Amino acid sequence: MPAYVISEVEARDQAAMEAYRTLAAATIAQYGGRYLVRGGAAELVEGGPPSKTIIIVEFTSMERAREWYASPEYAEALKLRQTALERRLMFVEGMVPV
């Protein structure tokens with residue numbers, strides 16, 4: 001069953017953000033993830049607070065998403081994340097077709 005890593009981000013430091021994105025993208029690809037949404041325009045229709053930048057990455061399974069997040073490769077990107085961006089991050093299991 002696919003799993004999705006959903007990030008809601010706001011840049012703190014643009015140069016650090018670009019370095020983070022480069023490292024993170026390489027590790028996502030290494031662990032078989034693929035971007036479905038990467039910073040396109042978001043329109044808040046209901047509720048709040050206002051939308052930030054949304055990123056959605058698909059992995060083949062929740063296990064694989066967790067492996068990526070805990071990997072030594074992604075740990076390097078996480079070091080940059082502290083200064084690069086503010087983020088909410090969630091892992092969501094995909095639905096199995098009925």
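Which residue in E3 does Ile 6 stand opposite? Ile 6 stands opposite Ile 56 in E3, where helices (H or I, at least four residues) and strands (E, at least two) are DSSP runs numbered from the N terminus. This is a predicted model, in which local features need pLDDT of at least 70 and side-chain atom pairs count only at pLDDT 80 or more, while totals for chains, interfaces and linings use all residues. Residues are numbered from 1 along each chain as its sequence is written, and side-chain values use heavy atoms, with hydrogens and water left out.

**The sheet**
- Four strands form an open sheet in the order E2-E3-E1-E4, with antiparallel pairing (two strands pair if DSSP finds at least two bridges between them).
- Strand E2 (34–38) and strand E4 (85–93) stand at the edges with a single partner strand each, so one side of each is left without a neighbour in the sheet.
- E1 and strand E3 (residues 53–59) run antiparallel and are joined by 7 bridges.

**Ser 7**
- Ser 7, which is placed in strand E1 (residues 3–11), is buried, with a relative accessible area of 7% (buried means under 20% relative accessible area, exposed over 50%, partly exposed in between, with a 1.4 Å probe and protein chains only).
- Leaving aside neighbours within four places in sequence, Ser 7 is in contact with residues including Thr 53, Ile 55 and Arg 88 (contact means heavy atoms within 4.5 Å).

**Ser 71**
- Ser 71 lies in the loop between helix H2 (62–70) and helix H3 (72–84), and this residue is buried, with a relative accessible area of 3%.
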